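Reader: I have the sequence and the model open side by side. Please take me through a few details that I can check on screen.

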Amino acid sequence: MNIRKTILAAAIAVAAGQAGAASTMASPVAFSAQEKARLIATLNGERGKHGLDTDHGFAIAAQHPGANGQAISRLNHTYKGIRIFESESVVVTDAGGNIISESIGERRQGLSAKRMNLKPALSGKGAIEAVLKTVPRGSGHIDPPFAELVIYPVMSTVRVAGAENKAESELNAMDVEDVVSGYQLVYFVKTRMVNGNNAVFHNTIVDAQNGAIIDQWNMVQNVVGTGNSQYNGVVPINTTFSGSQYSMIDGTRGTGGTFGAMAITNANHTTSAGSVYVNSSNVWGDGKQYIAGGSTTNANGQTAAVNALWGLMNTYDMHRNVLGWQSLDGNNTATYIAAHVNTAYDNAYYSDTCKCMYIGDGGTSFNNLGSIDVIGHEMGHGITAATSNLAYRAESGGLNESSSDISGEAVEAYARNGGTGNALPSPSANDWVMGQEISKSGQPLRWMYKPSKDGRSPDAWSSTIKRLDVHYSSGPNNRMFYFLAMGSSSDAASEKYSKYLVQAPKNMTGIGLDKAYRIWFKANTTKFTSSTNYADARNKVLAAAQELYGVNSAEAKAVQRAYAAINVGADIAE
């Protein structure tokens, strides 16, 4: 029998250790059947105040630990037992099961007086077949396709009272709202496939009566021992010794999952995860970019794995030590990263099926995509997928991408500051750009303080933002977060200036990265729903700030100013 023990790979390290300061941890949530039934019964008892009849119900989708013994429950809204797409409640309860707060993504009220046909003419198999006709020939399944019958609210954007006559260019995000104009019975189909080197991940809405494709969006969430790391020098990494070899399994972080703990695997130029990295010694990597065509298991090939493990450790430690949030789902479920995905692959992405990350070696545009901010970004997708599950399209998709950029900056700041402690460094010495280290040209992928520097992202909200690719519609919220943390400039020639800040002072005061991230994280995990847009985000981020720091606090005012700076809500004086 092999005796396994977890070892901190020993060596002279340039980077500081990862252990971090002790902090009060939330235990993984394990609700009993009685507790779940009580919560649903309580919510059912409040249907009347929302104008809902007894055909409406709730289904628990996920539960997570909250602060101070609280618990966070996410519930789908149902009608006659069928899920209403993107209509949800987020409920925070205390240790006694009493409701403290409820955040609602409301898309169900029009069903109360409507008697729609809930019998599909098409089967789930037929819906899947309709979707498969839209993917490139030669694509193969990574995971079996999935079809769920749901009620689909048909949405339209309307102007609120008082904004009817505003010019399009003068609209603020608070001048419009999304309303339900009707409902359709559809299948929500998930397909996760691969075509050559490319992941072909789609979510698709299929009419349940005639098989027509109503909507479809891309779900590839990407960034277009002693380890010798490519980007961070010599770093300590946690490995496991078993028998006569070391493996890249970190037994101190995460439980369960695919490998029992956090792990790094070798995809070895395929699209599958492969097996966990092993080595006869506990010194890994040579700190250099992978040589194309070379071994993925020698010292040069191991460097990609070192990049991945160090990034994963810091992502885990920052969220655990600063926020008390364990792993991606808050319940300490282990994840993993697969290195050397595909051949000369210029991408990294998070997969919602394995709840893991895939990293390419780089090709034409990038070096290995395992920089600390990119890993923090992709694992941020995992946290969002486990909590708010912001739909990866339109404004919610931009907020999803922005949340990952924000996570990447927070993880980078924590790691660069030594990877220990229960707070993020404020002020932060971050560069506030995404992906500069991996870029062969030195050109970042995104500038958080001035998104338009990439030539495609807007600096502020407009009514057309929902038509953009989510990597570009994320821009305004990235800028908001930069202003919230670092403040703005009153100099119109500065890249940190906003024409929308018209109250005094015109250079708004930032509250620091630590407070800014705590506010954002609380909003994402306890208030956002899958359909949250920019206007809704502003209101819920403000609510999170008020709960954390007070209704009239400087932090709450800063949230209002930061969103006003991107044309979401009105500016106020400090």
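Reader: Just after α9, what phi does G550 take?

Author: Happy to start there. This is a predicted model, where local features need pLDDT of at least 70, side-chain atom pairs count only at pLDDT 80 or more, and totals for chains, interfaces and linings use all residues. Residues are numbered from 1 along each chain as its sequence is written, and side-chain values use heavy atoms, leaving out hydrogens and water. Helices (DSSP runs of H or I, at least four residues) and strands (runs of E, at least two) are numbered from the N terminus, and just after α9 the phi of G550 is positive, at about 115 degrees.

Reader: How far does helix α9 reach from its first C-alpha to its last?

Author: Helix α9 covers residues 534–549, which makes 16 residues. The expected span is 1.5 Å times one less than the number of residues, and for α9 that comes to 22 Å. The model is close to this, with a reach of 22 Å.

Reader: What covers the buried residues of α9?

Author: Buried means under 20% relative accessible area, exposed over 50% and partly exposed in between, with a 1.4 Å probe and protein chains only. The buried residues of α9 include Y534, R538, K540 and L542. Their cover, judged by contact (heavy atoms within 4.5 Å), includes β5, α5, α6, α7, α8 and α10.

Reader: How many salt bridges does the structure hold?

Author: Side chains of opposite charge can pair when their charged atoms come close. The cut-off for a salt bridge is a side-chain nitrogen of Lys or Arg within 4 Å of a carboxyl oxygen of Asp or Glu. The total for the structure is 28.

Reader: How many residues apart in sequence are the parts that R253 and D317 tie together?

Author: The side chains of R253 and D317 meet in a salt bridge at 2.7 Å, N to O. R253 lies in the loop between β15 and β16 and D317 in helix α3, so the pair ties together parts whose separation in sequence is 64 residues.

Reader: Is D459 buried or exposed?

Author: The side chain of D459 meets that of K450 in a salt bridge of 3.0 Å, N to O. K450 is partly exposed at 22% relative accessibility. For D459 the relative accessible area is 16%, so this residue counts as buried.

Reader: Which residues does S371 touch, beyond those up to four places away in sequence?

Author: S371 sits in the loop between β22 and α4. Its relative accessible area is 0%, so S371 is buried. Leaving out the residues up to four places away, the contacts of S371 are Y231, E437 and I438.

Reader: What is the phi of N342, given that N342 is not a glycine?

Author: N342 is in the loop between β20 and β21. With 2% relative accessibility, N342 counts as buried. Its phi is positive, at about 60 degrees.

Reader: Which residue does a cis peptide bond join to A504?

Author: Check omega, which is about -10 degrees at this bond.
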